[in-house]
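Work through the exercises below with the sequence and the three-dimensional model side by side. Each task is followed by a solution that goes step by step.

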Amino acid sequence: MSETNRFQIAHLGTAKFKSPLQLSTVRGDHIFNFVSEADKLVFDLSMDQYAQCLSDGVEPNCLEKAGPRQNIFFQPEETTAAIVTCGGLCPGINNVIRGVVMALHYFYGIKRIIGVPYGYEGLNPEMGHGFVELTPDKVKDIHQFGGTFLGSSRGGQDVSVMVDTLVANNVNMLFAIGGDGTLKGVDAIGAEIKKRGANISVAGIPKTIDNDIDLIDESFGFETAFDVASPIIRDAHNEAAGAYNGISIVKLMGRDSGFIAASAALAMPVVNFVLIPEMDFQLDGELGFLKVLKERLERKKHAVIVVAEGAGQQLFQDQNRVKDASGNIKHADIGIFLKDKIKAYFSELNVPVTIKYIDPSYIVRSAPANSSDSVYCSRLAYHAVHGAMAGKTRFVACKVNNKFVYIPISEVTKKRKKIDLESEFWFSVLQSTGQPFLLK
């Protein structure tokens, strides 16, 4: 695939059925228009890229605009859809499940929608999980709760077995809600489907509380995560300020990217230090973290530290690295490590400190979506359904440059999104906390 069409979406074939949606094709009649296949959005909006394309005489990389098409690939009355949720919990999963079910049923008249229990395990008959029949009545209230109505699991299953299960149950489209591993898994399912010549669409809806899916603006649940974390940080500040040389350490989720920790610190600007996986910091030395923390206590008599779970792993170089079922490295506990190191450091200086350590990770990830995320989840679900009904496959529905688009799964799973330490966003965090640019 050439650079100019790296975002081209795969199709199962010609969409020859008329959409049941009563939409318009003309502007000015106050009715929403069908989205044309020709509707494209430029990916890189920079002037430099624009000038480069003009100079080279090539079209810029463009994204397919998401939305309902006038012609669809599947005949609704003969279509069966399946939904699966995988990986760790995240606010908004139930909202997406509900949105997909409602869109399939009410927009397109699809009557058979099955839920796959406990992630990809549910597509392996040997696990004995069976299926859950999903109807609007069954899912109408699930958005009020956190977690996943369908259950989840980590780790993959045999791709051939999963495709066998889809074929045996006459599934025509599979919606996978999950992060990097889940999306790679459903893309592999799509590749096997293509190899067999089957007409099954696979669509991904990116889910990662860490907001580390590449290219997309933001993953659902992320905003709720730092929203829920904010009052916890506020209370941690109260604890720290209530004691002489009080120190509060709050550990938040963020295996490889520190977006939650950084955003929570901006949302609740009482944080004095943010430690994230992207930064290489030292504990000891003139410019090390412990010395800077000591100077903070000398000035203000209290400090609040927010640390992402994946931060400071370079400090554990002698430990064995093991992986979880999803293939992610299990990180050593930086929160407990920091607490012990801080305690030992000030004890050696004979400086009294009071340290409180708080890890609200499982509370944060299990919370129901806030209003903003609820809106986002519903719109993502609708766009995923529109894309699948049009016969698109191996794509994710997402938002890029504040527009809803479709992107090939293979493009968003090439690498993890991380905080750029030279970005305005990270500079805002440093301005809010007052911590040095470097802690080494």
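**Exercise 1. Determine the strand order of the open sheet of four strands, and find which strands are its edges.**

Solution. The order in this open sheet is β12-β13-β11-β14, and the pairing is parallel. Strands here are DSSP runs of E with at least two residues, helices are runs of H or I with at least four, and both are numbered from the N terminus; two strands pair if DSSP finds at least two bridges between them. The edges are β12 (273-275) and β14 (354-358), each of which pairs on one side only. Neighbouring strands of the sheet are turned by 15° against each other on average, direction ignored, with axes taken as lines fitted to C-alpha atoms and angles running from 0 to 180 degrees between N-to-C directions. Turning to one pairing, β12 runs parallel to β13 (residues 302-308) and is joined to that strand by three bridges, and L275 has V307 in β13 as its bridge partner.

The model is predicted, so that local features need pLDDT of at least 70 and side-chain atom pairs count only at pLDDT 80 or more, while totals for chains, interfaces and linings use all residues. Residues are numbered from 1 along each chain as its sequence is written, and side-chain values use heavy atoms, with hydrogens and water left out.

**Exercise 2. Locate the partners of the salt bridge between K392 and E37, and state whether each is buried or partly exposed.**

Solution. The structure holds 23 salt bridges, each defined as a side-chain nitrogen of Lys or Arg within 4 Å of a carboxyl oxygen of Asp or Glu. In the pair of K392 and E37, the closest N and O atoms are 2.8 Å apart. K392 belongs to strand β15 (residues 392-393) and E37 to the loop between β2 (17-18) and β3 (40-42), so that the pair links parts of the chain 355 residues apart. K392 counts as buried because its relative accessibility is 0%, whereas E37, at 34%, counts as partly exposed (buried is under 20% relative accessible area, exposed over 50%, partly exposed in between, with a 1.4 Å probe and protein chains only).

**Exercise 3. Which network includes the salt bridge between D180 and R416?**

Solution. The side chains of D180 and R416 meet at 3.8 Å, N to O. Because D180 lies in helix α5 (residues 180-196) and R416 in the loop between α12 (409-412) and α13 (424-433), the pair ties together parts 236 residues apart in sequence. D180 counts as buried at 15% relative accessibility, and R416 as partly exposed at 23%. Salt bridges that share partners join D180, K184, D212, D256 and R416 into one network.
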